[in-house]
Amino acid sequence: MLRPLALVTLLCSTALAAQPAGTTPLLLQVGGDYLGADLRKALETDWGYHAGLATLVAESGMVGVPSVDLDFRYAPDGEGSLFTFSACYTERAMIAPQFWIGAGFGSNFVRLKLDETPERAGASDRRWSLGGKAMAGYLLSDRLFVEATYHYTRDALDLDTSSASISLGYWF
């Protein structure tokens, strides 16, 4: 478990060190997370919460603007809970003056807990694995934006833990 945490720490510190002090834009976003079909059925809820934080990397990307994204998803309602944390290297490419698409690849932690019900025994699983994300965003103003993201995470307890989120964000 310490290796993935060390990797996340290394990625974050490398991203911060690669940027000139005081010139790094940050983005913060909050919104809803629509759970996949497996989780909706197992947790007996459709939605969770999403929060994201990203910092732009001062180097040029292969196809877009590079960043290190940290995403948190949490679904506490229903018959159990889901918590995920992911750290991804991401690139966002502007395809119109106010519209972008992007993708990222990185590491994620998933904790899934299923409560005991008459139909099943309680269970829980925690794991680090590789994952990714794909997104599309739209600038509402020069700093305010909306972004839809698909978060790919590996299965836990034989359930697909991937989901899609819609978030309102702000560039600092």
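## The barrel

Strands S1 and S8 run antiparallel and are joined by 9 bridges. (Two strands count as paired if DSSP finds at least two bridges between them; the strands themselves are DSSP runs of E with at least two residues, numbered from the N terminus.) Along this pairing, leucine 27 sits opposite tryptophan 171 in S8. Before we go on, keep in mind that this is a predicted model, where local features need pLDDT of at least 70, side-chain atom pairs count only at pLDDT 80 or more, and totals for chains, interfaces and linings use all residues. Residues are numbered from 1 along each chain as its sequence is written, and side-chain values use heavy atoms, with hydrogens and water left out.

So what do the strands build together? They form a closed barrel of 8 strands, in the order S1-S2-S3-S4-S5-S6-S7-S8, with antiparallel pairing. From one strand to the next, the twist averages 25°; the axes behind that angle are lines fitted to C-alpha atoms (for helices, over the stretch in contact), and angles run from 0 to 180 degrees between N-to-C directions.

You can trace more of the pairing by eye. S1 and S2 run antiparallel with 9 bridges joining them, and glycine 31 has histidine 50 in S2 as its bridge partner. S7 and strand S8 (residues 163–171) are also antiparallel, joined by 8 bridges. There, leucine 144 stands opposite tyrosine 170 in S8.

## Aromatic pairs

How many aromatic pairs does a search of the whole structure find? The search turns up 8. Rings of Phe, Tyr and Trp (its six-membered ring) pair if their centres lie within 6.5 Å; planes under 30 degrees apart are stacked, over 60 edge-to-face, and the rest tilted. Take tyrosine 34 and tryptophan 47: their ring centres are 5.1 Å apart and their planes are at 55°, so this pair is tilted. It links distant parts of the chain, with tyrosine 34 in strand S1 (residues 26–35) and tryptophan 47 in strand S2 (residues 47–56), 13 residues apart. Tyrosine 34 is partly exposed, at 35% relative accessible area, and tryptophan 47 is partly exposed too, at 44%. (Buried means under 20% relative accessible area, exposed over 50%, and partly exposed in between, using a 1.4 Å probe and protein chains only.)

Now look at tyrosine 170 and phenylalanine 172. Their ring centres are 5.1 Å apart with the planes at 75°, so the pair is edge-to-face. Tyrosine 170 is partly exposed at 37%, while phenylalanine 172 counts as exposed at 53%. Elsewhere, ring pairs link Phe72, Phe83, Phe85, Phe109 and Trp128 into a cluster.

## The cavity

The whole-structure search finds 1 cavity of 30 Å³ or more. Here a cavity is a set of points, on a 1 Å grid over the protein atoms alone, where a 1.4 Å probe fits but cannot get out, and lining residues have an atom within 4 Å of a point. Grid points are joined across faces, edges and corners, and the volume is the space filled by probe spheres set on the points. The largest cavity holds about 70 Å³ of space.

Which strand gives the most to the lining of the largest cavity? That would be S4, with 4 residues. The elements giving two or more residues to this lining are strand S3 (65–75), strand S4 (80–96), strand S6 (123–139) and strand S7 (144–152). Among the lining residues are Asp71, Arg73, Phe85, Lys133 and His151. By type, the lining divides into 3 nonpolar, 6 polar and 3 charged residues. (Ala, Val, Leu, Ile, Met, Phe, Trp, Tyr, Cys and Pro count as nonpolar, Asp, Glu, Lys and Arg as charged, and the others, Gly among them, as polar.)

## Out in the loops

Most residues other than glycine have a negative phi. Leucine 157 has a positive phi of about 50° although it is not a glycine, and aspartate 158 has a positive phi of about 60°, again without being a glycine. Leucine 157 is in the loop between S7 and S8, and aspartate 158 lies in the loop between S7 and S8 as well. Leucine 157 is partly exposed at 28%, whereas aspartate 158 is exposed at 74%.

Finally, glycine 122 lies in the loop between strand S5 (99–114) and S6, and it is partly exposed at 46%. The C-alpha atoms of glycine 122 and glycine 80 are separated by 8.8 Å, although the two residues are 42 apart along the chain.

Definitions and conventions
On a 1 Å grid over the protein atoms alone, a cavity is a set of points where a 1.4 Å probe fits but cannot get out, and a pocket is an open set with protein on both sides within 12 Å along at least five of seven lines; lining residues have an atom within 4 Å of a point.
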